[in-house]
Every structure is written in C-alpha cells, then in structure tokens.
Amino acid sequence: LADDVDPPDEEEVGDHTDAAVWNRDTGAYEHLPTAVGGARPNLATGPPLLSDDGTTAIVESAATNLMSGNRNPGFELAVWDRVTDTLSAQPLGNTGQAPSWPSDLTGMSGDGRFVSLLSSSSELVEGDEPDVRRELFVLDRATGHYERAPSGVGTNRPDDDLNVAGWTDDGRHVALWSRATNLVPANPDQLARGGIDTTTPD
C-alpha cells in the first residue's frame, strides 16, 4: 500500500499513502482508480478491506478529489468495485443528510454487504444526538441503511468505544472488544471488584 507500488508520477502522489490490491492470480498490483480528472488521490487513503471473493473493497480516504462532490472535510468511506474499477461514495445517513463527521472504517462481513464504522455523526440514524464519543454503526450496502449498536444496560449508550474484532461471513454476528463497563449486567462479585473488565489482554 505504499506510494512506490506501481508508482505514478511523484508530483501526483506526494508523500501520502495510496491504496492498492495485490492480485495474486496475475502477480500485479492494482491501484485504487484515479480520482476526478484522472489524478491520483491528493490526500491519504487508508488500506482497503476486501470481501472474501475480492470483488469489493472499502477504503477510507481524506482525499478531496477522490469523487465528485466530496461531502466531508475528513476521512470519508468509498466503495471500490474491482469488477468495474469504479468508486462510489458512502451513502447518506438514514436522515437523508450526509455525515457531518468523518467515518472510521472498522470491518466488513465476508460477503461485502455489511460494513462497520465508528462515527460521531448524528445524521446516520434518526433521533441520534450529537456526541463527542464515536459510536459503532453497521451499514447495509444492499439497502443503504445504517444501524447503530444497541444500548448497554438499561437505555444507556455504551460508555466507551466499541471496537470490531471480526465478522461472520453472512454479517449476522459481530465480535467486539471494548472498555465499556455497561454492555451487560454486572453480577455482585464483579460489582464488588469495581465493574466488568471487557478489555482484551495486552
């Protein structure tokens, strides 16, 4: 994923990262499609996540020229269809509005349908309130619908970030790790020790 993979002109890339896929059938590197006007993306693009069959890749990019009508002054998600070699933008939120905060790509189901992301945007689901804490959302690419991770104990939102550790291929189950202390009810022994430790070992 470095700039020296199948390098375009140095002046087009600069010193930021670019996304690429190693096609082991052909032995070649395949770059993210060129941006608006045929240029390379003008700002950093993160490593892509691939579907199991390799036909779909999801990237997050700060490039302002990746697609026409860039909507977000920060990292935005883009879908790379490797069959047609085209890019499409992250869908609008369920509210019909574009996300007002960057999205942090965290995972994708094996079939490429479901994408998980962390975001502080209140536009992704109806009734959400602006919050400095990033929340975990799942995007169903087949419907364009976002689902927010459920509340913890009672109706309280998780009190720390939820991080995706893995997916089942069909996207029905998401494995998480978190420092949140209110995801599940505590038993008396855990409460006596000061809460629930949901962190992974260091």
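**Exercise 1.** Find the bridge partner of L105 in strand 8.

*Solution.* The partner is L117. Next, take the strands as a pair: strand 7 (residues 103-108) and strand 8 run antiparallel over 5 bridges. Strands here are DSSP runs of E with at least two residues, numbered from the N terminus. Two strands pair if DSSP finds at least two bridges between them. Last, look at the hairpin of strand 7 and strand 8: 5 residues lie between the strands, and G112 there has a positive phi near 80°.

The model is predicted: local features need pLDDT of at least 70, side-chain atom pairs count only at pLDDT 80 or more, and totals for chains, interfaces and linings use all residues. Residues are numbered from 1 along each chain as its sequence is written, and side-chain values use heavy atoms, without hydrogens and water.

**Exercise 2.** Identify the residue of strand 9 that stands opposite S116.

*Solution.* S116 faces V138. Strand 9 covers residues 135-140 and pairs with strand 8 in the antiparallel sense over 6 bridges.

**Exercise 3.** Decide whether each face of strand 8 is covered or open.

*Solution.* In a regular strand, side chains alternate between the two faces of the sheet. Take one side: F114, S116 and L118 are buried. Take the other: V115, L117 and S119 are buried too. Both faces are covered. Buried means under 20% relative accessible area (1.4 Å probe, protein chains only), exposed over 50%, partly exposed in between.

**Exercise 4.** Classify the aromatic pair of F114 and W167.

*Solution.* The whole structure holds 1 aromatic pair. Its ring centres are 6.4 Å apart and its planes meet at 15°, so F114 and W167 are stacked. Rings of Phe, Tyr and Trp (its six-membered ring) pair with centres within 6.5 Å; planes under 30 degrees apart are stacked, over 60 edge-to-face, the rest tilted.

Methods. Helices (H or I, at least four residues) and strands (E, at least two) are DSSP runs, numbered from the N terminus.
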